[in-house]
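Hi everyone, thanks for coming. Please bring up the model on your screens, and we'll walk through it together.

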Amino acid sequence: MAEHPARPCCLGWDFSTQQVKVVAVDAELNVFYEDSVNFDRDLLEYGTQGGVHVHEDGLTVTSPVLMWVQALDIILERMKASGFDFSQVLALSGAGQQHGSVYWKTGASGVLTSLSPDLLLHKQLQACFSIRDSPVWMDSSTTAQCRQLEAAVGGAQALSGLTGSRAYERFTGNQIAKIYQQNPEAYSHTERISLVSSFAASLFLGSYSPIDYSDGSGMNLLQIQDKVWSQVCLGACAPHLEEKLGSPVPSCSVVGAISSYYVQRYGFSPGCKVVAFTGDNPASLAGMRLEEGDIAVSLGTSDTLFLWLREPMPALEGHIFCNPVDARHYMALLCFKNGSLMREKIRDESASCSWSDFSEALQSTEMGNGGNLGFYFDVMEITPEIIGRHRFSAENQVSAFPRAVEIRALIEGQFMAKRIHAEALGYRVMPKTKILATGGASHNRDILQVLADVFGAPVYVTDTANSACVGSAYRAFQGLRGPSPSICQA
Ligand SMILES: Nc1ncnc2c1ncn2[C@@H]1O[C@H](COP(=O)(O)OP(=O)(O)O)[C@@H](O)[C@H]1O
Ligand SMILES: O=C(CO)[C@@H](O)[C@H](O)COP(=O)(O)O
């Protein structure tokens, strides 16, 4: 067994679309431990692709909630086997893919509070969920519920002014409304609804964790200025929703001490604090330590682009969330669903399934692609709502490109869309602008060169692609310092 020297630290977790990841960060903010469990590869029995199940209608997308629990068991067991000294963990926090929801069955809280340290979590929580397949952010099956919600508050712009976004299919309020309408029995047997982030925090707490303001902003339910649930939105989605959600809390709140399960099974200190978990994009904003004018681009399963904002300007395209680091401020976020999985498809079709062949194609073609441009949306895009592959030469719409042209058209098109939509939200590239890239595809220098060319600004890669994890560990340190009334309370 490898021994790790004693080193006081915080843990940062990320329950993202394709994997669960963890980092340990010491008091000098050095990352000294990283691990991950990939759902498709390490949990074959759940049969996911890219961490999810796409249903027959092509719109409904879910993930098995027990798969997330089992992934946590696997990582913790591996850490223990490697000799990781859990007693040195001062605090932990984490992130979750945004918008996804978990439905705890009546009675589940009793199971959570009396976990036996002799058994793995997923064995004990089998019967705890009234909905076993959690809707996730890739789901776009709730258009009817979106229109109902917008109508209830006086239109899309009114909803955006109130909650930071017009109604989006993946936003949790609309997902809850669909479950209530289609499966009222399961809804009535649900005692608590968590986001993926607050669900993961609940596993560590051994009781229900509140939803934080920042991830709560991705539900179409939270009034982002007042930081309270909107009664009109709750009422439009489902009955008794407020009691099932619990009250939202500032993102840097300490929500409690770690459950005795982890103390007894893994040797955590009973004083180890759990700081509210948040969304993966808010956690990345914390991890990347953005400055004004900077723009962060996360190239994970989805491509997201985010900025720190002082004055929110809710619009019909894009989202405003409460800021996870300073509750007086906000963040803007644009999400593009056809990110890494779309790049993988074109890589498989036009670059023999190889990222190095993909890079060679980018190197062998010129910036501007000889006037050839393409937009590739194999699944219904979020920004804007569109599907299909659309290719244009300098003169006409065309049906196909040579392989290398196809690859450059994809990458240039993806980054041009990001710049155009960010500018529509009021963002301007400034002389001091830095682009901070993170996520799996930020390992690819040739993709990043196109990003730099399209924005005309330098691109920096965060020293770890796991910015959501690292941001979560930073947030755990922030929570340990205790509440700062001006920053944490808004
Ligand atoms: N060298 C590479 N070039 C381009 N994309 C890559 C490369 N390595 C990994 N990726 C992409 O990174 C994606 C995973 O990113 P990651 O940030 O880990 O995902 P998430 O956090 O959403 O689970 C994969 O789907 C893959 O397409
Ligand atoms: O829907 C959004 C943001 O609004 C997505 O960005 C999810 O938060 C998923 O994140 P990744 O797993 O792709 O990082």
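I'll talk about the surroundings of the two ligands, one after the other.

First, some housekeeping: residues are numbered from 1 along each chain as its sequence is written, while chains are lettered from A and ligands numbered from 1 in the order in which they are written. This is a predicted model, where local features need pLDDT of at least 70, side-chain atom pairs count only at pLDDT 80 or more, and totals for chains, interfaces and linings use all residues; side-chain values use heavy atoms, leaving out hydrogens and water.

Let's start with ligand 1. Which residues come closest? Among the 14 residues around ligand 1, they are Ser 16, Gln 19, Thr 301, Glu 344 and Gly 440; to be counted, a residue needs a heavy atom within 4 Å. The side chain of Gln 19 places an N or O atom 2.9 Å from an oxygen atom of ligand 1, and for the side chain of Lys 21 that distance is 3.2 Å. Both are polar contacts, meaning pairs of N or O atoms within 3.5 Å.

Now over to ligand 2. It also has 14 residues around it, with Thr 17, Gln 98, His 99, Arg 170 and Asp 280 nearest. A polar side-chain atom of Thr 17 sits 2.4 Å from an oxygen atom of ligand 2. From Gln 98, a polar backbone atom lies 2.9 Å from a ligand 2 oxygen, and Asn 281 brings a polar side-chain atom to 3.0 Å from one.

Methods
Polar contact = N/O pair within 3.5 Å; in protein donor to acceptor, adjacent residues only side chain to side chain.
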